[in-house]
Amino acid sequence: MQAFSQFFEGRSVFVTGHTGFKGAWLSLWLTLLGAKVTGFSLAPPSTPSLFEATGLARHMDHVHGDIRDRAALKAALVRSQASVVFHLAAQALVLPAYRSPLETVEVNVLGSANVLEAVRETESVSTLVCVTSDKCYENREQVWGYRECDPLGGHDPYSASKGAMEILCSSWARSFFQPEGRVAAATVRAGNVIGGGDFGADRIIPDFIRAILAGRPLGIRNPGAVRPWQFVLEPLGGYLWLAALLSRDPARYGGAWNFAPADNTCSVRELVDLFVRAGGAGTWEDASEGKNARHEAGLLRLSSDKARAVLGWKSVLDLEQTAAMTMAGYMPFLRGQTDACRELCLGQITEYTQLAARRNAAWATGRDLP
């Protein structure tokens, strides 16, 4: 397989947040690429979890830890001898951040500062990719996609913590990484990510799956909210390709990057209707809270023009394909056959890579960029 120009084969990689949804998918992909993966994370945030269903602990070095514990984090990173770090550990949800704003700041801001310092103090590390959020932008409900040069902001605590994380990463890059010349660093911002194995709280598709299992309608609190929806492998392919390119040319590939689908933008209502058709099951009802609802952005789009032009990255799946692959990924859980989950996920990674190569995505073809 020529994906990512075989950059990760035999390479030591450190992933924070590997027990979460995106972290587990990323770690699974890295092991398939032949990387030696060390993960540092709290216990899986949900039951069931993709991390446990795929048996990832048997295929990587699994370290239980909290990124707020700076000494434990640095010790694990030094032991791993990793050259590449993907930082995904976070409090990743808007509504829990309203309930626990200080904890959200501690994890997303101070925890990220610990990661940055651990990277700075670990000689083996040469490449750092920090995963933030599309919610890091100052949301103005504009109809066009936010670009990497647009102002950061945050109406709610979660969004503010991600904007602050972006500022911290930029500060460490300019103050330490670039002048010292050892670490190439970038931040990545993705649209709403969906895929099999996500059971996080207050997420629309996991809530839909739980409603099917419970035999009840799904209550949608914000059916008119518009988001760019993408299958989990879409942005992860961008993260992996960016890491490979960062090692080649830090000056060109450092900084902030958006990864979002070109056309898969729709309302929550439309998305759930699509999943009802794709799965042949489930219903939903409007559970809007009106004036009592916590603020969430009504309209949020990202522009990935920079990633397409500079990285040769492109989204591969349309909305129907995204729904189909996501529902297929949940079938082992819906059927009580989680022992099939690992092979299904590995098969989806291979299938997605082949589709990306047919669409001439740079990372999947092994070709160099112009």
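Visitor: Which helix gives the most to the lining of the second largest cavity?

Guide: In this predicted model, helix 5 gives the most to that lining, with 3 residues. The elements that give two or more residues to the lining are helix 3 (70-80) and helix 5 (101-120).

Visitor: What makes the residues of that lining nonpolar, polar or charged?

Guide: The lining consists of Phe-14, Leu-73, Leu-77, Val-85, Val-115, Ala-118 and Val-119. Because Phe, Leu, Val and Ala count as nonpolar, the lining divides into 7 nonpolar residues, with no polar and no charged ones.

Visitor: Why is Phe-4 called buried?

Guide: Phe-4 has a relative accessible area of 0%, and buried means under 20%, so the label applies to Phe-4. Phe-4 lies in the segment before strand 1 (12-16), and its phi is near 60 degrees, a positive value in a residue other than glycine.

Visitor: Why does Asn-360 count as partly exposed?

Guide: The relative accessibility of Asn-360 is 40%, and since buried means under 20% and exposed over 50%, Asn-360 therefore counts as partly exposed. Asn-360 lies in the loop between helix 13 (341-358) and helix 14 (362-365), and its phi, near 65 degrees, is likewise positive in a residue other than glycine.

Visitor: What is the form of the peptide bond from Thr-47 to Pro-48, cis or trans?

Guide: That bond is cis, with omega near 0 degrees, and Pro-48 has its place in the loop between strand 2 (36-41) and helix 2 (50-53).

Definitions and conventions: Residues are numbered from 1 along each chain as its sequence is written. This is a predicted model: local features need pLDDT of at least 70, side-chain atom pairs count only at pLDDT 80 or more; totals for chains, interfaces and linings use all residues. Side-chain values use heavy atoms; hydrogens and water are left out. On a 1 Å grid over the protein atoms alone, a cavity is a set of points where a 1.4 Å probe fits but cannot get out, and a pocket is an open set with protein on both sides within 12 Å along at least five of seven lines; lining residues have an atom within 4 Å of a point. Helices (H or I, at least four residues) and strands (E, at least two) are DSSP runs, numbered from the N terminus. Buried means under 20% relative accessible area, exposed over 50%, partly exposed in between (1.4 Å probe, protein chains only).
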